[in-house]
Amino acid sequence: MAQQESGRAAGAPGEGQEQRGKYFIRTFGCQMNVADSERMAALLTEQGLDPTDNPKEAEVILINGCTVREKAVHKAVSTLGTYQNFEVNGRKPLIGIGGCVGQLEKDSIFKRAPYLDFVFGTDTIDQLPEIVYRVRKGERHIVYTDFDKTRDYSTETKVVGYKAQAFVNIMKGCDKFCTYCIVPFTRGREKSRLIDEVLNDLARMAASGVREITLLGQNVNSFGKGNPNEKAREPKELQNIIGKVGPRAGEENFPQLLRAIDADPRLKGIKRVRFTSSHPLDFSDELIECYARAEQGGVAKLTGQLHLPVQSGSNRILQKMGRHHQIENYIAQMDRLRELNPDVGISTDLIVGFPTETEEDFQQTIALLDRVQYDSIFAFAYSPRPGTRAEKLPDDVPNDVKNDRLNRLLKHQLKIAEGRYASRVGHVMEILVEGEAKNQNLGKTREVPENTRVFMGRTTCNRIVNFVNDSPRNLTGQFVNVKITGATALSLQGELLHDSAFAEAISSRGPIPKPLITTEVVQ
Ligand code: SAM
Ligand code: SF4
Ligand code: F3S
């Protein structure tokens, strides 16, 4: 899963004056933390505070931290330190830490960062207004890190401002307990929302102009486990190569959610549905069939993209990681998927340097890249995490070997991605425009004409396309077609087509998303 960071700031009303204060949020970690920061921002905005992307003008500063690798924790804690001497209107900001770091560290973090005012966890985000109220009243060292012990999970997505793309939590927690992973300890046990609740949530979002959603959970394809299938949604026994997995007949399941989204007339405005993340063990035949073309029984809105973390190409290492899947099964799943949808863009997560990993194991991971032909990979050097089963194994792959394997893996993947991206040149692709490109230079392939800006969007397969926006409109949040003219290993370049989709895009009053969250990869 992509690892990310975000920026946003509370108010000290002057005497008798209604001065709105500001809050700033910095986010590390995965999309779940990004979605949680959206929620924090929405709650603080409802409390009467304004967002800022400058921590120096914020009265309330939040760090939403990630603890998946040791380096990420250090980054969050050292970032905290940089805020301790800030002052707004002669007063120190109120500083809090949340997310997986808050959940894991609880009050122990006050020893490392005594200037910190409060700590909150992954299940107490909705109590943030209460926490902020208390610290503004002068209380210090407040800790809100209890897990919600109820079996149900019910929520409503909150975002700030209008957006064309939105993250929607459909389940939370993880029951897999892979031996290296801290997430089950920071996010608790798996719980899923009910399909009907998700549909009502999405209907509200569609009405506000959302065009693309990403369904979120640590393992979305085990969605529905334990939830009764209250409506007759053709309950099927979920099968995969390994056997029966995930929810059973009579329980709601993830393919049923996808099909219900496709069929709901209130969700016409939502054109694309993505999801992340998933586990090969719950990647059922029924889910693979959703990737078929709509005429062949597939889910029309499901994008041609799959992020299916595999972690290693070696069965010996997979077994030590407690992944409970074998590489042959994973390859068979990928083959079946490509049979149904040859152009699907597949990405994965990989760990190198897991305890006892040999060069031979590593070569099996390289061979897996060649076999599956990923569009992109997220690769990490193994980092022992406290309390996990793998922490008890000797961390016997030296750091220089881990880094060398990481570099070789990334280099190998770049060559594969180059070939895959180059094969798209000449194709016409539909993209959802996300805004101006960070890099205003279109590579060596094209000059950028004066008075025009380079914009970027994503294809259904999640490939980034940069193009010159020669239209009178900003186009952010609109679907347009581009003809692909060039490619690198990381992105495509295209030419905006002035066709019927373009005519619709420039005539529509679609929302222009306000960029409130910035992201940073912490590895
Ligand atoms: N639930 C998802 C899954 O199973 O793929 C995402 C898990 S985690 C938030 C994202 C990625 O971080 C994992 O897929 C794994 O590659 C990596 N990761 C987790 N624990 C790690 C560790 N101790 N050291 C290095 N990488 C780790
Ligand atoms: Fe971590 Fe494994 Fe759960 Fe993913 S499935 S969050 S890697 S324990
Ligand atoms: Fe995500 Fe990091 Fe937590 S990857 S679930 S924010 S430990």
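Which residues are around ligand 2? Select Cys-174, Lys-176, Phe-177, Cys-178, Tyr-180, Cys-181, Val-183, Pro-184, Gln-218, His-279 and Arg-323, a residue being near a molecule if one of its heavy atoms lies within 4 Å of it. This is a predicted model, in which local features need pLDDT of at least 70 and side-chain atom pairs pLDDT 80 or more, while totals for chains, interfaces and linings use all residues. Residues are numbered from 1 along each chain as written, chains are lettered from A and ligands numbered from 1 in written order, and side-chain values use heavy atoms, without hydrogens and water.

Colour this shell by class and you find seven nonpolar, two polar and two charged residues (Ala, Val, Leu, Ile, Met, Phe, Trp, Tyr, Cys and Pro count as nonpolar, Asp, Glu, Lys and Arg as charged, and the others, Gly among them, as polar).

Next, select ligand 3, which 10 residues surround, the closest being Cys-30, Asn-33, Cys-66, Cys-100 and Gln-218. Its shell holds four nonpolar, five polar and one charged residues.

Finally, move to the strands (DSSP runs of E, at least two residues, numbered from the N terminus), where five of them close into a barrel in the order 17-18-19-21-20 with mixed pairing, two strands being paired if DSSP finds at least two bridges between them. Select residues 479-487, strand 20, together with residues 492-496, strand 21: the two run antiparallel and are joined by five bridges. Within this pair, Ala-487 has Leu-492 of strand 21 as its bridge partner.

Notes
Helices (H or I, at least four residues) and strands (E, at least two) are DSSP runs, numbered from the N terminus.
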